[in-house]
Amino acid sequence: MSTGTLLELSHVSVTFDGFRAINDLSLSLAPGEMRAIVGPNGAGKTTMMDIITGKTRPDAGVVRFREHDLTKLDEPAIARMGIGRKFQKPTVFEELTVRDNLLLSLKGLRSPFALLFAKETAEEKARIDGLLGTIRLGREATRQAGGLSHGQKQWLEIGMLLGQEPDLLLVDEPVAGMTDAETMETADLLREINRTRSVVVVEHDMEFVRALDVKVTVLHEGSVLAEGELDQVSNDPRVIEVYLGR
Ligand SMILES: Nc1ncnc2c1ncn2[C@@H]1O[C@H](COP(=O)(O)OP(=O)(O)OP(=O)(O)O)[C@@H](O)[C@H]1O
């Protein structure tokens, strides 16, 4: 791996039943970078995330995270290596409080049995309080997660991912279904997270992508169509034709 690269996909291809969903895709992410991935439906964004996390095996190409070849590892091994993924739909424990959801997520923690019967340690309390602040849910700590708004559930799930202390966060369409205010708050939240962690975020909402203010990669038919500042790629006639102009 070249110095200065955290994640690198090199000439990656995947074919499903004869259809090339990912076609000679190359992309690299620097340590500490946040990257936005956009592109039309079917461009291969989710499949790319599936390849990074080990859910889908590429037919060809190399996927490196630091010095590791991810194509040789399974999903749990990749997660332990420090890659966390947030799917589009929130999956929090609805019956538990916000606080207990976070407690359960903490890395290196007790079993669920101990969660019920042991008192939270001072270290755990400090970590949870820190997470509650980050995800803007300090006031909701003792509420059942099931009663949160859709946007708040998304933030809680991001907090649960942070509890695992990943170095790289993959976030799939985080603002779908959010209010405008929640969308802008989520951009701020990801920017804060990006101070200490690398982030790849797939999103269709261009206002949100603008607020992130990061390099953008446009995928189309399984490979990179354009890459650069948002203003630059959104003025690219090829991007307008296949994505923005529709
Ligand atoms: N398991 C699979 N079997 C067959 N085809 C698949 C499979 N997964 C994805 N595809 C196809 O691969 C292509 C890329 O899909 P993918 O979901 O990665 O696109 P996407 O960019 O995430 O789209 P969207 O914006 O709609 O989420 C699509 O044509 C899809 O139908």
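Predicted model: local features only at pLDDT ≥ 70, side-chain atom pairs only at ≥ 80, totals over all residues.

Biologist: Which domains does the assignment give?

Modeller: Domain 1 is 1-81 + 214-246, and domain 2 is 89-167 + 175-196. The bounds come from an automatic or database domain assignment. The C-alpha centres of domain 1 and domain 2 lie 27 Å apart.

Biologist: How do I read a pair of packed helices?

Modeller: Two packed helices are described by the angle between their axes and the distance between the axes. Take helix H3 (residues 98-105) and helix H6 (residues 150-162): their axes come within 8 Å and cross at roughly 30°. That makes H3 roughly parallel to H6; the class covers angles under 35 degrees, with over 145 roughly antiparallel, 65 to 115 roughly perpendicular and the rest oblique. Helices (H or I, at least four residues) and strands (E, at least two) are DSSP runs, numbered from the N terminus. Axes are lines fitted to C-alpha atoms, for helices over the stretch in contact, and angles run from 0 to 180 degrees between N-to-C directions.

Biologist: Which residues make the contact of H3 with H6?

Modeller: H3 supplies Val98, Asn101, Leu102 and Ser105, and H6 supplies Leu156, Gly159 and Met160. Contact means C-beta atoms, placed from the backbone, within 7 Å. By class, there are four nonpolar, three polar and no charged residues. Here Ala, Val, Leu, Ile, Met, Phe, Trp, Tyr, Cys and Pro count as nonpolar, Asp, Glu, Lys and Arg as charged, and the others, Gly among them, as polar.

Biologist: At what angle do H3 and helix H5 pack?

Modeller: About 115°, with the axes of H3 and H5 (residues 122-134) 10 Å apart. Arg99, Leu102 and Leu103 of H3 meet Glu124, Ile128, Leu131 and Leu132 of H5. This contact has five nonpolar, no polar and two charged residues.

Biologist: Why is H3 called largely enclosed by the rest of the structure?

Modeller: Because six of its eight residues are buried. Buried means 20 or more other C-beta atoms within 10 Å of a residue's own; exposed means 12 or fewer, and partly exposed lies in between. The buried residues in H3 are Val98, Arg99, Asn101, Leu102, Leu103 and Ser105.

Biologist: What should I look for in phi?

Modeller: Most residues other than glycine have a negative phi, and most peptide bonds are trans. Arg66 has a positive phi of about 50°. It sits in the loop between strand E4 (60-65) and strand E5 (68-69). Glu165 also has a positive phi of about 50°. Its loop runs between H6 and strand E7 (168-172). Arg66 is partly exposed, with 15 other C-beta atoms within 10 Å; Glu165 is partly exposed, with 15 C-beta neighbours inside 10 Å.

Biologist: Is Val14 buried or exposed?

Modeller: Buried, with 22 C-beta neighbours inside 10 Å. Val14 lies in strand E1 (residues 7-16). Beyond four places in sequence, Val14 touches Ala21, Ile22, Thr47, Ile51, Thr56, Pro58 and Asp59.

Biologist: Where is Pro58?

Modeller: In the loop between helix H1 (45-52) and E4. Pro58 is buried, with 21 other C-beta atoms within 10 Å. Pro58 and Val14 are 44 residues apart along the chain, yet their C-alpha atoms are separated by 4.9 Å.

Note on methods:
Residues numbered from 1 in each chain as written. Contact = placed C-beta atoms within 7 Å.
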